[in-house]
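Biologist: I am new to reading protein models. Could you walk me through one?

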Amino acid sequence: MPTYEYECSACGHQFEKFQTMNDQPIRKCPACGKKKVQRMISGGAGVLFKGSGFYQTDYRSQGYKESAKKDKSQASAPTCSGACNSCPAKS
Ligand SMILES: [Zn+2]
């Protein structure tokens, strides 16, 4: 169950609330009673997202490096034994 952080834009009161995905976002501030509460992006959920983002970036760059290396070795490998007219080894 994720912890959501809320901040009241009317009085600046900040608080955390355990909620399920199905729960409605809190709108009413428990400190001043005004419906000016907004859910904050930062917090536990944000850190978790950031961490998985780092992992995805690492994984993607690693995969890109691997595929680039593969492409390079394929390009430098001879595709024919000099039988074609466009092969530079023949001329
Ligand atoms: Zn408030």
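Modeller: We will take the core, the rings and the cysteines in turn. Keep in mind that this is a predicted model.

Biologist: Which residues make up the largest nonpolar core?

Modeller: Start with the general idea. In soluble globular proteins, nonpolar side chains tend to be buried together. Here the largest nonpolar core has seven residues. They are Tyr4, Tyr6, Cys8, Phe15, Ile26, Cys29 and Val37. Strand S1, residues 3–8, gives the most to this core: three residues.

Biologist: What does Ile26 touch?

Modeller: Leave out residues up to four places away in sequence. Ile26 then touches Tyr6, Phe15, Lys17, Gln19 and Val37.

Biologist: How many aromatic pairs does the structure hold?

Modeller: One. Tyr6 and Phe15 form that pair, and their rings are stacked. To judge stacking, look at the angle between the planes: under 30 degrees counts as stacked. For Tyr6 and Phe15 the angle is 15°, with 5.5 Å centre to centre.

Biologist: Are Tyr6 and Phe15 buried or exposed?

Modeller: Both Tyr6 and Phe15 are buried.

Biologist: Where does the charged end of Arg39 sit?

Modeller: A ring can also have a charge over it. The charged end of Arg39 sits over the ring of Tyr4, 4.2 Å from the ring's centre.

Biologist: How many disulfides does the structure hold?

Modeller: Look for cysteine sulfur atoms within 2.5 Å of each other. This structure holds zero disulfides.

Biologist: Why does Cys29 count as buried?

Modeller: Buried means under 20% relative accessible area. Cys29 has 2%, so Cys29 is buried. Cys11 is at 42% relative accessibility, so Cys11 counts as partly exposed.

Notes. Residues numbered from 1 in each chain as written. Predicted model: local features only at pLDDT ≥ 70, side-chain atom pairs only at ≥ 80, totals over all residues. Heavy atoms only, no water. Phe/Tyr/Trp six-rings, centres within 6.5 Å; stacked < 30°, edge-to-face > 60°. Buried < 20%, exposed > 50% of the residue type's maximum accessible area, 1.4 Å probe, protein only. Lys NZ or Arg CZ within 6 Å of the ring centre and 35° of its normal. Core = buried A, V, L, I, M, F, W, Y, C linked by side-chain atoms within 4.5 Å. Helix = DSSP H or I, 4+ residues; strand = E, 2+ residues; numbered from the N terminus. Contact = heavy atoms within 4.5 Å.
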